[in-house]
Amino acid sequence: MSILVNKHSKIVVQGITGRAGLFHTRQCREYGSTIAAGVTPGKGGTRIDGIPVFDTVEEAVQTTGADVSLIFVPSSAAADSILEAAAAGIGLAVCITEGIPVRDMVLVKRCLQGGAMRLIGPNCPGLITPEECKVGIMPGSIHQKGRIGVVSRSGTLTYEAVKQLTDIGLGQTTCVGIGGDSVIGMNFIDVLDLFNQDEETEGVFMIGEIGGGAEEEAALWIKKNMKKPVASFIAGLTAPPGKRMGHAGAIVSGGKGKAEDKISILKESGVSVCRIPTQMGEAMLSALNG
Amino acid sequence: MNIHEYQAKEVLSSFGIPVPRGRVALTADQVERTAREMGGRCVVKAQIYAGGRGKAGGVRLADNPEKALEAGKDLFGRVLITPQTGPEGLVVRRLLVEEAVEIGKEFYLSITLDRNTSRYCIIASAEGGMDIEELAAKSPEKIRMLPIDPFVGLRSYEARKVALGLGLQGRICEDCVRLMLNLYRCCMEKDCSLVEINPLVVTRAGWLLAMDAKINFDDNAIFRHQDYPEMLDYTQMDPLEITASEFDLSYIKLKGNIGCMVNGAGLAMATLDMLKEYGGEPANFLDVGGGASKERVAEAFKIILQDSDVKGVFVNIFGGIMRCDVIAQGIIDAASEVGCTLPIVVRMDGTLVEEGRRLLLESGLDVQYTDYLGDGVEKIVKMLQES
C-alpha cells in the first residue's frame, strides 16, 4: 500500500510542452510513472514523445482516464490550471509551480473547499511512491520501497532526509512535499492522517521549517490521533527574525513561527526531533525502536 | 516588497481612505517650504524601511517652519537604529512632512493573510499605536480578528460588527465601515500582503484619519503591477541583496564569516543551523534555486565573495533538477574570474555528482571536496578557526 498515488495512477501533465514540463515528464516516465496525457492550450491534437496533447484537461480526462494532474504552468496562469483540473474531475492535482500570487491561491483554496479534488503544493517537489509512481521533480534514485512515510514543506532537504533513510535501510511508502508557500493545498495533518490509515506505513518522518503554525497544529494532532512513531527535523533554528528565508512561508515574525517553539511542542507530543540535519535517518530509526 | 509610509498613504488615499495632508521632502529646504504650506505646525517623519522610528528619534514635532527646517537638517543623512533595522541601522534620505493633528482616540486596523484559514483577515484593536504583536502576546482578548470569505468579500455588516466592537458609534462608526471596505478593496486590487493603519485615529474634531500606514506588496504578484519596481527605494536595501534579486537568487546577508551556497531554501536553512551547531558563523543565506545555469551559479558565488566579511565558503548541493556538474563549473568560472584565494569546501550529492567532483578536482582550484554534509561543515569551521 501507499498513499495518494500508486502504479495504477494515470497522470496528465498540464504545461507538458514547456521546458520544465517536458524535462520532468520524461524523468517521471523513465521512473515508471504512467503519463497518459499532456495539456497545452493551442497544441491539442499533437503528440510529444508519443504522449497525446489536449487543449483542455477535460478532454484529456475523457479520452485517457487520467486521474492525477501534474502542473508546470507558469505562475500567472497556474491558479487557473488548478481550477481546471478540479472542474475536469481530477482526483489529485500536484502543482510544482512557484511564485503564485497569494490572492490567487486564497481564491483557489476557497473554490476547492468541499470539492473532491486534493491539491498538493504549490511550490513543492511533488510526491513519489517508490518503485511505482513519481509525480514530481525529486531524483528518483535516492528512494527505496519500504515502510516509512515522509511529509515535508521543503524540497532538497527532503532529498537529504530520504537519502539518509534509504542509506540506513529504511525504505519509504510514499514521500510527499506539501510546499513552502503560505497558502497550500494538503497540509501536514491531511497527509499524516493518510499515513496513519495506511497499513504499510509503520512510521513517519516530518520535515518542517520556520514560519506559520502548521507544525504546532500537526504536533497537537499527532498527540491526539497518531498511532505510529513520528520523527522530525525543523529547519531554521538560527534564522534571524523578520527575514524571509527563501520560501514565501518561511519567516519568523512577531515572535511567531520560531523553530524552538515548534521543536518543543513536537517533543511534548512524543515526536522524536533531531537538531541537526545529518541525524534525520537515525532519528527515524530510534523512533521506530521506541 | 516594502514601500515607504508616504507611498502607502498615497495608495490608501487613492482608495478614498483619509490621511493627513502632507508631502515627501528630499531636502531640508523642501521641509521648510512644506511646513509653511501646512500652516506652520507640523510633524517631520523619517522614511525608512523599518518600524520603531518614533523611539529612535525619527519623528519630530515642529511648532513652526524654522523648527521644521532644523529637524530636516538634523534628520537627513542620519542613521536610525530601531529594533527592526538591525545594528547597522538605515540611513534617512526622505522625510514626510505632515500637518500636526489633534488626536482624540487611537485604534489599530490591518488586513493580512491568516494562514490558519487561508483567508485575508481584518485585525482590529482599540489599543492603537501599540505594536500589535506585543499586544497579541500580552492581551490577545483586546484584538478582534475577522477572516474574509474571498467569494463574497468583506461585507458592510461584518465591518460594522468590528467597528462597533472598537467602541465606535453613529456617524464615525459608519465612516469606519466605509474605510474598512476601502481597505479591503485596496488589499485585493493592489495585491498587498499587509495593509496596516497604526494608529487609525479619531481626531478631536471627530474625523477618522490614517495617521501612520504600512503596506507590503506580495512579491509574487509584482508581474501584475508595472509601477511597483519604480516605487522601490534602493538606498534602504542591502546592495548585495539587490544584485542577488536581479539574478533571481534568494540571498540574505547575515553576521558571520562563512559564505554559503546551497540549493533549496529548506536545505539552506538546515545548513546554516548545522554550521552554527558546529561553532561556525554563516555570512549569508543563499538559495541558488532549482534549475540554475552555470552563469547564475557563478553570479551567486561572486555575490558571496563580494561580502568582505566572508573568510571562507561552504557549498552544499543536493542535486535533483540542479546538476552537480553545472554547480562545479559555475564555481570554477567564478573563482578563477575573481581570483578567489579563500578556503572553499564543497559537498555535493545527487544528479551527476561524479562529474561535478571530477571537474572540481581537476580544476586546480584549492577546493576541499566531500560527499558528506557533516564532514563538510566540520572542515570549513575548522579551516576558519585555524586561519
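Let's start with one pair of residues: Val150(A) has Cys175(A), in β11(A), as its bridge partner. Strands here are DSSP runs of E with at least two residues, helices are runs of H or I with at least four, and both are numbered from the N terminus. What you're looking at is a predicted model, where local features need pLDDT of at least 70, side-chain atom pairs count only at pLDDT 80 or more, and totals for chains, interfaces and linings use all residues. Residues are numbered from 1 along each chain as its sequence is written, while chains are lettered from A and ligands numbered from 1 in the order in which they are written.

Strand β10 (residues 145–152) and strand β11 (residues 172–177) of chain A run parallel, and 5 bridges join them. Two strands are said to pair if DSSP finds at least two bridges between them. In general, strands of a sheet pair through backbone hydrogen bonds, either parallel or antiparallel.

Both strands sit in an open sheet of 7 strands in chain A, with mixed pairing and the order β9-β8-β11-β10-β12-β13-β14. At the edges are β9 (133–136) and β14 (272–274) of chain A, each pairing on one side only. From one strand to the next, the twist averages 15 degrees. Chain B joins in here too: α9(B) packs on the sheet, touching β12 (203–209) and β13 (230–235) of chain A, and its direction makes about 85 degrees with that of β13(A). Axes are lines fitted to C-alpha atoms, for helices over the stretch in contact, and angles run from 0 to 180 degrees between N-to-C directions.

How do the two chains meet overall? Here, 46 residues of chain B are in contact with 49 residues of chain A; contact means that the C-beta atoms, placed from the backbone, lie within 7 Å. On the chain B side, α9(B) gives the largest share, 11 residues. That side divides into 22 nonpolar, 14 polar and 10 charged residues. For these classes, Ala, Val, Leu, Ile, Met, Phe, Trp, Tyr, Cys and Pro are nonpolar, Asp, Glu, Lys and Arg are charged, and the others, Gly among them, are polar.

As for chain B itself, its secondary structure comes to 13 helices and 18 strands. Its C-alpha atoms fill a box of roughly 75 × 50 × 40 Å, taken along the principal axes.

Back in chain A, there's a division into domain 1 (10–120) and domain 2 (138–288), with bounds from an automatic or database domain assignment. The centres of these domains, taken over C-alpha atoms, are separated by 26 Å. Their contact takes 8 residues from domain 1 of chain A and 8 residues from domain 2 of chain A. On the domain 1 side, α4 (102–112) and β7 (118–120) of chain A each supply at least two residues, and the largest share, 4 residues, comes from α4(A). By class, that side has 6 nonpolar, no polar and 2 charged residues.

Finally, have a look at Thr97(A), in the loop between β6 (92–95) and α4 of chain A. Is Thr97(A) buried or exposed? Thr97(A) counts as buried because it has 24 C-beta neighbours inside 10 Å; the cut-offs are 20 or more other C-beta atoms within 10 Å for buried, 12 or fewer for exposed, and in between for partly exposed, with C-beta atoms placed from the backbone. Leaving out residues up to four places away in sequence, Thr97(A) touches several residues, including Ile71(A), Phe72(A) and Pro122(A).

How values were computed
Contact = placed C-beta atoms within 7 Å.
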